[in-house]
Amino acid sequence: MSSRPYMQFYPADYLLNTKHLSTIEHGAYLLLIMHYWGTRGIPNDDVRLARIVGLSVDDWLTIRSTIVEFFDEVDGQFRHGRIDADLAE
């Protein structure tokens, strides 16, 4: 778990990079980055990702390609550069 009780959030940067997302995609992405903050990574496993974002696997697969563009895959985990940099500070 992250030792920080808070997560930095930069609304202007977030909106600049996510304006194209639907409401469901925003919710899924925000839930994933909050989970990432606490666990320092998320698995490349569609069943687990669907559970994290609170969607059925079928609904998750509908938005998956849009959401995973915000992450880099490394050794079976999705990494998020901005969050990793914040955690390293």
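Predicted model: local features only at pLDDT ≥ 70, side-chain atom pairs only at ≥ 80, totals over all residues.
Trainee: Let me start with one residue. What is the relative accessible area of R82?

Mentor: R82 has a relative accessible area of 38%.

Trainee: Which side chain does R82 meet in a salt bridge?

Mentor: General idea to begin with: side chains of opposite charge can pair when their charged atoms come close. Here, R82 and D13 meet in a salt bridge, at 3.2 Å from N to O. R82 sits in helix α5 (residues 81–88) and D13 in helix α1 (residues 11–18), so the pair ties together parts that lie 69 residues apart in sequence. D13 is partly exposed too, at 33% relative accessible area.

Trainee: How many salt bridges does a search of the whole structure find?

Mentor: The search turns up 3. Another one is between the side chains of R64 and D46, 2.5 Å from N to O. That pair links distant parts of the chain, with R64 in helix α4 and D46 in helix α3, 18 residues apart. D46 has a relative accessible area of 25%, so it counts as partly exposed. Then there's R79 with D84, where the closest N and O atoms are 3.0 Å apart. R79 is partly exposed at 26%, and D84 is partly exposed at 24%.

Trainee: Now for helices. At what angle do α3 and α4 pack?

Mentor: Two packed helices are described by the angle between their axes and the distance between the axes. For α3 and α4 (residues 57–67), the angle is about 95 degrees and the axes are 9 Å apart. Anything from 65 to 115 degrees counts as roughly perpendicular, and α3 and α4 are therefore roughly perpendicular to each other. On the α3 side, the contact is made by D46, V47, L49, A50 and V53, while α4 brings V57, W60, L61 and R64.

Trainee: And how do the axes of α2 and α3 cross?

Mentor: They cross at roughly 100 degrees and come within 8 Å. That makes α2 roughly perpendicular to α3. A28, L31, L32 and H35 of α2 meet L49, I52 and V53 of α3.

Trainee: Which residues form a nonpolar patch on the surface?

Mentor: V47, V57 and L61 do, with about 200 Å² of accessible area together. V47 belongs to helix α3 (residues 46–53) and is partly exposed, with a relative accessible area of 38%.

Trainee: One last topic, the backbone. Which value does phi of R40 take?

Mentor: Phi of R40 is near 65 degrees, a positive value in a residue other than glycine. R40 lies in the loop between α2 and β1 (42–43) and counts as partly exposed at 39%. D75 is another case, with phi near 50 degrees.

Trainee: Where does D75 lie?

Mentor: In the loop between β2 (72–74) and β3 (77–79). The limit for exposed is over 50%; D75 has a relative accessible area of 79%, so it is exposed.

How values were computed
Residues numbered from 1 in each chain as written. Heavy atoms only, no water. Patch = residues over 30% accessible without salt bridge, like charges linked within 9 Å, V, L, I, M, F, W, Y side chains within 5 Å. Areas by Shrake-Rupley, 256 points an atom, 1.4 Å probe, with all protein chains shown as cover. Salt bridge = Lys/Arg side-chain N within 4 Å of Asp/Glu carboxyl O. Helix = DSSP H or I, 4+ residues; strand = E, 2+ residues; numbered from the N terminus. Buried < 20%, exposed > 50% of the residue type's maximum accessible area, 1.4 Å probe, protein only. Axes fitted to C-alpha atoms, helices over the stretch in contact; angles between N-to-C directions. Parallel < 35°, antiparallel > 145°, perpendicular 65-115°, else oblique. Contact = heavy atoms within 4.5 Å.
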